[in-house]
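User: Could you take a close look at how two neighbouring parts of this chain meet? I would like one connected account that I can follow in a viewer.

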Amino acid sequence: MSERQPYRVSGRTGEWEVVLGLEVHAQVASHAKLFSGAATGFGAGPNEQVSLVDAGFPGMLPVINRYCVEQAVKTGFGLKAQINSVSRFDRKNYFYPDLPQGYQISQFKEPIVGEGTLEVERDDGSRFVVGIERLHLEQDAGKSIHDMDPHWTYVDLNRSGVALMEIVSKPDMRSPEDAAAYVKTLRMLVRYLGTCDGDMEKGNLRADVNVSVRKPGDPLGTRCEIKNVNSMRFIQQAIVYEARRQVEILEEGGSIDQETRLYDPGRGETRSMRSKEDAHDYRYFPDPDLLPLELDPAWVKRIQDSLPELPDAKRERLQSQYGLTAYDAGVLVGDPVRAAFFEEAVKGRDPKLVANWTLNDLSGRLGTEGVAFEDSPIKAADIAALVELIETEVISSKIAKEVFEHMWAGEGAPKAIVEARGLVQVTDTSAIEKAIDEIMAANPDKVASAKEKPQAIGWFVGQVMKATGGKANPAAVNQILKAKLEA
Ligand code: MN
């Protein structure tokens, strides 16, 4: 095994280290907004989910959504973090057309969740720990739409007021791959907790990436923040580009301006959006409309006690309970729906077989067809039934592949397919014997050579399978062939 090499950007003056910290905005999976009762569903028409509070009408007062607070606490426990029994909401003041209040309600000095950790696994199985700085609750802004009209910008306030958990990491990552692995692990955690859907395409998980470079061993350099990157691939591409850009500036004797940048996936580059504001620019002050948030310790304890099984614990259990390899268990756990599918299918069946069919055949097919596991046309009960047919030797593994194709095409349960298509394995020894006798009679030369060289038996096995349409039980074929050739 080779040692993992640290990620470096090589420049004219030598090698540079990249330092990365992430701020992930995770939308709370709630039906109502953080401070209003308006709905939050995806795909509604423009401005259909806007209350007077979200639209910033005068005199409207925010009322905290208890469910959203509970999800933040849950996520805090998942991050092994400090849960703060008292936290405060502040106004972060800035003007934006899609922010009708003129400020965002966020948490500044006293967030609901403090320091924690997240253990991240890389693709090669190695692990590293990322420190969590904090998690705070805040409102999302609306959306300005610039491309619907040549002259006008439209504003959609459906997102205005939607609850976000902003999860801030420490600058603990050192490569684009590690940053992506961190987001992947964090997304898996919130999906297990049920606190966020983690669907980056729908924008309910987005990452701001802080990038700086330095010579190894030097103090931290000035960072730039790349805003709202919404896919694992773009996170990596943006980092690679941005690190290279900073190295080039520094090597030419320049300095990095602390600023907010945007990644343009079409051009594969980051560009300046605005010079980075400091906290004092926002004129934070406690929101006078909201009381400090005080958590009842008994309520917090109940949340802690009701946490579901988390990914690490599940992976270990799948290995010990079903004898799966660390790799198989890891892939299953990667998607909670897939893990649940496996556990439903495996009841009373051979775990290794069920894992293979779930991971190789079904996952592979879903992947190539771009279908999510929850929308799989083949259900857990179908995989269980298919594996049962293999275990009871009704069909061979080879025929099972064919049955799988018919299952995918929606032709019904495996047993019905096997019966309708006459795919039942031939274990009737007289039928197999008859086929063998015919082949031996037609090929005396092959018989002679097989008597000399026992490995030549393979040719006969192939011929018998061909003659029976692949339905002969391979063990029976081998046994009868051996007996006849040795005779
Ligand atoms: Mn934020």
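Analyst: In this predicted model, the C-alpha centres of domain 1 and domain 2 are 36 Å apart. Their contact draws on 8 residues from domain 1 and 13 residues from domain 2. For orientation, domain 1 covers 8–304, domain 2 covers 309–421, and the chain also has a domain 3 at 429–486.

Let's start with area. The size of an interface is often given as the accessible area lost when the parts come together. Here, about 850 Å² is buried between domain 1 and domain 2, and carbon and sulfur atoms give 60% of that. On the domain 1 side, M188, R191 and Y192 lose the most area to domain 2, and together they make up 67% of what that side buries.

Helix α2, residues 176–193, gives the most to the side of domain 1 that touches domain 2, supplying 5 residues. Sorted by class, that side of domain 1 has 4 nonpolar, 1 polar and 3 charged residues.

The side chain of D178 forms a salt bridge with that of R122, at 2.8 Å from N to O. Because D178 sits in helix α2 and R122 in the loop between β6 (116–121) and β7, this pair ties together parts that are 56 residues apart in sequence. The total for the model is 43 salt bridges.

The manganese ion has H25 (NE2), E138 (OE) and E166 (OE) as its protein donors, at 2.0 to 2.2 Å. Along the chain, these donors follow the spacing H-x112-E-x27-E. H25 belongs to strand β2 (residues 14–27) and E138 to strand β7 (residues 127–139), so the pair ties together parts that are 113 residues apart in sequence.

Technical notes. Residues numbered from 1 in each chain as written. Predicted model: local features only at pLDDT ≥ 70, side-chain atom pairs only at ≥ 80, totals over all residues. Heavy atoms only, no water. Domains from an automatic or database assignment. Contact = heavy atoms within 4.5 Å. Buried area = accessible area lost by both parts, 1.4 Å probe. Helix = DSSP H or I, 4+ residues; strand = E, 2+ residues; numbered from the N terminus. Nonpolar A, V, L, I, M, F, W, Y, C, P; charged D, E, K, R; others polar. Donors = N, O, S within 2.8 Å, 3.2 Å for Na, K, Ca; no water. Salt bridge = Lys/Arg side-chain N within 4 Å of Asp/Glu carboxyl O.
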